[in-house]
Amino acid sequence: MKIEQYHIDQHNDSLFSRHNNQFIFLQEQLGEQGIHAKDIVKSLEAFQVAIPSWALGTGGTRFGRFSGVGEPRSLEEKIEDVGLLHALNRSSGSISLHIPWDIPGAAQPIIDLATSLDLKFDAVNSNTFQDQKDQELSYKFGSLSHVDAKVRKQAVEHNIEVIKHGVNLGSKALSIWLSDGSCFPGQSNFVKAFQNTLESLQEIYAALPDDWKVYVEYKAYEPNFYSTVIQDWGSSLLFCQKLGPKADVLVDLGHHLPNANIEQIVATLMMEGRLAGFHFNDSKYGDDDLTVGAIRPYQLFLIFVELVEGMKRANRASDTYAWMIDASHNVKDPLEDLLQSVEAILIAQAQALLVDRKKLEQARNANDVVLAQQILQNAFRTDVRPLVREAMRLSGGSLDPIGLYRHLGVRNELLNERGKLTVATGL
Ligand code: PSV
Ligand code: MN
Ligand code: MN
């Protein structure tokens, strides 16, 4: 299944007049406030969000997995699925692989396929949170932190292997998420677990090519429910500071304790120049991995207020950070779900770009709390969807990605090609 440009153009033609009216109206409204809609559209066009290979199949819960139809059966088909997303929204121009869920064979045909769909390879992810078939030593009691040096060595070697796969594909970063920790008080020596992990990470760090980065992801709990070795942004930052400039902190929205002020964490990490990027998702209770913006869109907006400010202060373009979706669940078509997530990210970014920073600073300096809140909420309450649509249209994408996806019967086509009982590899 391939979505051709003429499919997009024809569909856009039928929607253009309505869209254009909405865009021009909003452009005028923003113009009256001194905001240039076209500048925002340009920033949105440049913003690319990586798609994780493990989100292309229907996710599971620990109680069961109800697989969808036409799911990708191989890495090639996963790349094709991301190609469909990118054709529709022009904002999903890369794929993030999880190894060994994805084992690239010969690199060149994989690269050629990705290039033909205008895709790049984002960070590669290692996996030492599961035992694989034929694996010599078990990760049941940890990997990079394990009390046994032989297990740590095996986990380090796996990460180095993942770097090699990434180098072959043109990735530039390794993402590490450890499930290491303990389920019961007394089970683990916190200090030794930290030090073992640091030593292991140092070995991995030493194997990074010059132009590579390592992203250190933290998570407060799950699957270990008493302690995790890299439990929060402070621990992650500590590891990164000890490792060196190629290590930065990766923030996954779902990995915080309830009610954590994530936007403040983001501001602090950006102030220190140590934010690697994001795993976007949403949650009501824990690491729910729900569609981005589905539960707490205001929080997402507030995070983007800090991201936009931090990028400006550091004079760094958005493509120097790692933006990825890390969401997947069991009741939606995964491709439609990912389209919703990308749209939510662009909406939050557009809203954050509306914030009048000068006025906000003035209000803060005058301790005008009401005005400061108003400035943020006015931006948040603006319907910026015409800006997002315009950005997608101008970069060759669809004005209504999900509408076109349904209109073309993409899932049905995939069902015909791949069959009913396919099970995506991965989660
Ligand atoms: C763990 O919850 C996580 O957020 C990590 O990023 C993993 O790589 C990913 O989900 C898939 O398990
Ligand atoms: Mn994650
Ligand atoms: Mn997670």
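Author: A residue is buried if 20 or more other C-beta atoms lie within 10 Å of its own. Keep that in mind for this predicted model.

Reader: Which residues of strand β11 point one way, and which the other way?

Author: Start with the general idea. Side chains in a regular strand alternate between the two faces of the sheet. Now the case here. Strand β11 covers residues 322–325. Ala 322 and Met 324 point one way. Trp 323 and Ile 325 point the other way. All are buried.

Reader: In which sense do β10 and β11 pair?

Author: They pair in the parallel sense, over four bridges. Strand β10 spans residues 275–280. Look for Phe 280, which stands opposite Ile 325 in β11.

Reader: What unit do β10, helix α9 and β11 make?

Author: A right-handed β-α-β unit.

Reader: What is the order of the open sheet of three strands?

Author: The order is β1-β2-β3, with parallel pairing. β1 (51–52) and β3 (120–121) stand at the edges and have a single partner strand each, so one side of each lacks a neighbour in the sheet. Strand β2, residues 94–96, is joined to β3 by two bridges. There, Ile 95 stands opposite Phe 121.

Reader: Why is helix α13 called largely enclosed?

Author: Count its buried residues. Eight of the ten residues in α13 (385–394) are buried, so the rest of the structure largely encloses this helix. Among the buried ones are Arg 389, Glu 390 and Arg 393. Leu 387, Val 388 and Met 392 are also included. The cover over the buried residues includes α1 (5–32), α2 (37–46), α3 (75–89) and α10 (334–354). After α13 comes Gly 396, with a positive phi near 95°.

Reader: How many residues surround ligand 1?

Author: Ten. The closest are Asn 125, Trp 177, Asp 252, Asp 287 and Asp 326. Sort the shell by class: three residues are nonpolar, two polar and five charged.

Reader: How many helices and strands does the whole chain have?

Author: The protein chain has 15 helices and eleven strands. Of its 427 residues, 46% count as buried.

Reader: What radius of gyration would a compact globule have with 427 residues?

Author: Near 22 Å. The protein chain has 22 Å, so the two agree. Its C-alpha atoms fill a box of roughly 65 × 60 × 40 Å along the principal axes. Now check the contacts between residues at least 6 apart in sequence: 80% join residues at least 24 apart.

How values were computed
Residues numbered from 1 in each chain as written. Chains lettered and ligands numbered in written order. Predicted model: local features only at pLDDT ≥ 70, side-chain atom pairs only at ≥ 80, totals over all residues. Buried ≥ 20, exposed ≤ 12 C-beta atoms within 10 Å, placed from the backbone. Pairing = 2+ DSSP bridges. Right-handed = clockwise from strand over helix to strand, strands pointing away. Rg over C-alpha atoms; globule rule 2.2 N^0.38 Å. Contact = placed C-beta atoms within 7 Å. Near = placed C-beta within 6 Å. Nonpolar A, V, L, I, M, F, W, Y, C, P; charged D, E, K, R; others polar.
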